[in-house]
Amino acid sequence: MTPKYKRIMIKISGEALSGGSGTGIDAATINSIAAAIKDTRDMGCEIALVCGGGNFWRGARNGLVMERSRADHMGMLATVMNCIALSEALENLGVPTRVMSMVDMPRVAESYNVSAALRCLSEGIVTIFGGGTGCPYFTTDTGVVLKGIEMHVDLILLAKNVDGIYEADPRTNPDAKKFDRISFEDVLARGLKATDSTAMSLLVDNRTSVLLFKAEPPENIVRAAKGEAIGTVLY
């Protein structure tokens with residue numbers, strides 16, 4: 001089947017790789033995510049990925065008092081570990097990958113280069129970005145939006161633990177309305193917690209479409225690339 005979107009950016013959270021435990025990497029989970037990414041690529045999609053690092057860093061930070069910038073630098077290193085693991089899972093399925101890091105560590109990953117990354121995507125290489133933005137005080141959601149804009153993607157996929165954006169927390173208000181589509185401006189005006197405000201401001205300025213959807217099952221990635229009606233579209 002021909003995908004609706006030619007080039008996509010996918011945010012894979014660290015928690016998604018943990019298989020529900022919240023820490024570490026679950027082999028069955030990362031392999032199933034890799035299989036879904038392979039199926040999406042096999043349809044003809046050019047795929048960029050950004051990994052979070054919460055599965056390593058949030059648990060390690062519990063009870064530890066640290067200056068914010070140093071804590072964020074440790075979180076950046078955690079994202080690179082997840083990138084390497086996901087790269088290996090994809091390579092084991094025969095999918096070519098390239099890991100690039102915003103934090104220079106040439107023995108481990110390539111330093112991020114826009115031209116090289118665009119070339120990799122055009123050649124069908126799944127390009128995986130670690131290190132967040134390379135700067136403290138920014139979330140990986142901001143990182144994925146920045147990379148999505150730079151890579152000229154057609155759609156940014158944010159895999160979350162909820163199936164879309166609601167007018168209120170559906171866990172406490174079961175009657176809360178789910179939005180099928182909502183503008184970036186409405187998200188900001190309503191104070192909805194779709195992503196952080198810095199990422200949302202970038203989206204307002206650059207108008208790159210976003211799909212927020214439930215991470216489980218991983219096959220939702222394939223459905224999203226086909227253009228099926230899942231999650232919430234932000235525009």
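Select Ile12, Ser13, Ala16, Ile33, Ala159, Ala215, Pro218 and Ile221: these residues line the largest cavity. Lining residues have an atom within 4 Å of a cavity point; a cavity is a set of points, on a 1 Å grid over the protein atoms alone, where a 1.4 Å probe fits but cannot get out.

The model is predicted: local features need pLDDT of at least 70, side-chain atom pairs count only at pLDDT 80 or more, and totals for chains, interfaces and linings use all residues. Residues are numbered from 1 along each chain as its sequence is written, and side-chain values use heavy atoms, without hydrogens and water.

Stay at the cavity. Its space is about 70 Å³, taken as what probe spheres set on the points fill, with points joined across faces, edges and corners. A search of the whole structure finds one cavity of 30 Å³ or more. Colour the lining by class: seven nonpolar, one polar, no charged.

Next, select helix α2, residues 27–42. Helices are DSSP runs (H or I, at least four residues) and strands are E runs of at least two, numbered from the N terminus. Now show Thr29, Ile30, Ile33, Ala34, Ala36, Ile37 and Thr40, which are buried (under 20% relative accessible area, 1.4 Å probe, protein chains only; exposed is over 50%, partly exposed in between). Look down the axis: the buried residues of α2 fall within an arc of 160 degrees, so they line one face. The arc uses directions from the helix axis to the C-beta atoms. On the other side, Ala27 and Ala28 are exposed.

The buried residues of α2 pack against β1 (7–12), α1 (14–17), β2 (46–51), α4 (68–91) and α9 (220–226), with contact meaning heavy atoms within 4.5 Å.

Technical notes. On a 1 Å grid over the protein atoms alone, a cavity is a set of points where a 1.4 Å probe fits but cannot get out, and a pocket is an open set with protein on both sides within 12 Å along at least five of seven lines; lining residues have an atom within 4 Å of a point. Ala, Val, Leu, Ile, Met, Phe, Trp, Tyr, Cys and Pro count as nonpolar, Asp, Glu, Lys and Arg as charged, and the others, Gly among them, as polar. The expected span of a helix is 1.5 Å times one less than its number of residues.
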